[in-house]
Amino acid sequence: CSDSAEGRKAAFEALRREVAGRLLRRKPCDLVVDDAPDVSYQAILSGSTGIDRFLHTGGVTLQFECQRPYGEGRTVERVASPSQSEDGTEADPAVVRVNVGGNYPTAPVVTFSGEEAAYQASFDGAVFSVYCRAGAGDLVIDCANRRAYQGAYPATVDINCEWPEWYPGVHSVQSNDAFTVEWTERWA
């Protein structure tokens, strides 16, 4: 009988160490809960775990501190290119209309090829201008983090432009250049 009790204690101790290694982090990590498996939260364990009482009580309550007031759901991506007229003399701008899901505001991330020195995009009719190094790689306009860059190099955003924020619903992006737009649905 003591062999099985000692075996259970050893197994519990091994499990406790494994769980502690997964829970105790220095920075926030993705947390997914059973009732919303398609949404992840940036969280870190707050307070003690009480895991040592699990053997006696059969359960523990864990508290997490969420770093953001929302969780992130699916990421959606759309690609758009200007269309040329049949004779190739005129081009219609590239346009993407999107329906943002979730219940919390999000922001788009737009990527251009970076071959030009300046790009303009229109977010719901508001013009957004960025200046960069021609040919230095993809230009990323990360509205969620309010920064524009090409690899390790920052790009210059026109001071008169406002970073777009998208509430759930229909929005549009338009440009004379080909681009990719993506956004992540957010849930409060």
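Which strand gives the most to the lining of the largest pocket? Strand β16 does, with 4 residues, where strands are DSSP runs of E, at least two residues long, numbered from the N terminus. This is a predicted model, in which local features need pLDDT of at least 70 and side-chain atom pairs count only at pLDDT 80 or more, while totals for chains, interfaces and linings use all residues. Residues are numbered from 1 along each chain as its sequence is written, and side-chain values use heavy atoms, with hydrogens and water left out.

**Largest pocket**
- The largest pocket holds about 220 Å³ of space, a pocket being an open set of points on a 1 Å grid over the protein atoms alone, where a 1.4 Å probe fits, with protein on both sides within 12 Å along at least five of seven lines.
- Of its 13 lining residues, E72, A144, N145, T184 and R186 are the closest to the centre, lining residues having an atom within 4 Å of a point.
- Both β4 and β16 supply at least two residues of this lining.

**Salt bridges**
- The whole structure contains 2 salt bridges, each defined as a side-chain nitrogen of Lys or Arg within 4 Å of a carboxyl oxygen of Asp or Glu.
- R68 forms a salt bridge with E72 at 3.5 Å between the closest N and O atoms.

**Accessibility of the partners**
- E185 is buried at 7% relative accessibility, whereas R74 is exposed at 51% (buried is under 20% relative accessible area, exposed over 50%, partly exposed in between, with a 1.4 Å probe and protein chains only).

Technical notes. Points joined across faces, edges and corners; volume = space filled by probe spheres on them.
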